[in-house]
Amino acid sequence: HIDASSGHEVRRAIAAGVPASRISLSAQELPKDVAELLALGIEVNCCSLQQIESVGKACPGRAIGVRFNPGLGSGGTKRTNVGGPASSFGIWHELIGQVKELVRLHDLSVVRIHTHIGSGSDPAVWAKVSGMSLDLCREFDAVKVLNLGGGYKVARMKGEMATDLQECGTAVMQNFRTFEQETGRKLWLEVEPGTFLVANACSVVCTIQDKVSTRGPGSSVQDGRDFIKTDSGMTEVLRPSLYGAQHPLLVVPMDPLQAPGPPERAVVVGHCCESGDLLTPAEGQPEELAERLLGPSKVGDLLVIEGAGAYCSSMSTKNYNSYPEAPELLLRTDGTFAVIRKRQTLEQIWQNEVELA
């Protein structure tokens, strides 16, 4: 099953062989060909009053899902919080009257309620949001499915707390049972656990290509910084620059016989001509530098960026400074590698550019 966030992702999934009936679209921008996509058999969650209006005009009488903002959000940072009054995602819950009017006007049937609040790990928040979402389900008699979205916190770094699915699920399950007892309606629960499943399934292997310092001969520790420059960065892993997200970093010496040395503290940066190309920001503060304690390193050693299986390849700033898209390799269970995406050539970067006559 695919949770698509754009019409382009829908087309890409279909091209990959995913049946349209297993694709659900929840998009900030409703695709212009939404009627055609719906005719193929996808499901849609309307995320605004305008989207209900558009779908209703294009496909009157059909079944739809509606994404609500339940009034509560959760996230490790403000940028990963997608609920509450500071979020544009979904229809504000107090506008339910306008939703009902549009549904009536276009003879639509609301069969799914969708809420998604962000990436948090507090079971109490999940229990509260599920209760608020079930209250929305009470307002539409045809609802058969409640989709609570994703946002299950992944522990990439030591000391981070991941979402306990069993603990969160127990509270949510009880709310569903109470809903069934009170309404006589048994709902189907949908979740979107993509990041939770794959975040720690991938690493970026890059090379330390330079080391610089802003400490002079007479500088104190507080006066400057030591920097490690890699041949990767925001072109492959944007999360630190965007969210202040933390990724484990591991130095791998190219010389296996290199004698061990004392650990080093350094700020790790990427290769782009951009001050925000930073792999070690302060936690949750993308504009603040933070040093990381790493093993001893020298130019030419490898640096492994772990926890890069989600919101990295798909969210990268590829082609910034004309850096080609990196290749991707799959590690098979027998220990062999398979190339699943080739390195982009320089010519492919400009192939769509048109020379003026």
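Good morning. Trp 126, Leu 148, Tyr 152, Thr 163, Leu 165, Cys 168, Gly 169, Val 172, Met 173, Leu 189, Val 191 and Pro 193 line the second largest pocket. The model is predicted, so local features need pLDDT of at least 70 and side-chain atom pairs count only at pLDDT 80 or more, while totals for chains, interfaces and linings use all residues. Residues are numbered from 1 along each chain as its sequence is written, and side-chain values use heavy atoms, with hydrogens and water left out.

Let me explain the term pocket. On a 1 Å grid over the protein atoms alone, a pocket is an open set of points where a 1.4 Å probe fits, with protein on both sides within 12 Å along at least five of seven lines; a lining residue has an atom within 4 Å of a point. The second largest pocket has a volume of about 280 Å³, a volume being the space filled by probe spheres set on the points. Helix H6 (residues 165-183) gives the most to this lining, with five residues. Helices here are DSSP runs of H or I with at least four residues, and strands are runs of E with at least two. By class, the lining has ten nonpolar, two polar and no charged residues; Gly counts as polar.

I turn now to the sheet. In what order do the six strands of the open sheet lie? The order is S11-S16-S9-S10-S12-S15, with mixed pairing; two strands pair if DSSP finds at least two bridges between them. Strand S11 (249-252) and strand S15 (292-294) are the edge strands, each pairing on one side only. From one strand to the next, the twist averages 45°.

Strand S9 (residues 204-213) is joined to strand S16 (residues 302-305) by four bridges, and the two run antiparallel. Thr 207 has Leu 302 in S16 as its bridge partner. S9 also pairs with strand S10 (residues 226-230), again in the antiparallel sense, over five bridges; there, Lys 211 is partnered by Ile 228. Strand S12 (residues 264-269) pairs with S15 over three bridges, also antiparallel, and Glu 264 stands opposite Leu 294 in S15.

Finally, helix H3. In H3 (residues 49-58), Gln 51, Ile 52, Val 55 and Gly 56 are buried, meaning under 20% relative accessible area, whereas exposed means over 50% (1.4 Å probe, protein chains only). An α-helix has 3.6 residues a turn, so residues three or four places apart point the same way. Thank you.

Key: Axes are lines fitted to C-alpha atoms, for helices over the stretch in contact, and angles run from 0 to 180 degrees between N-to-C directions.
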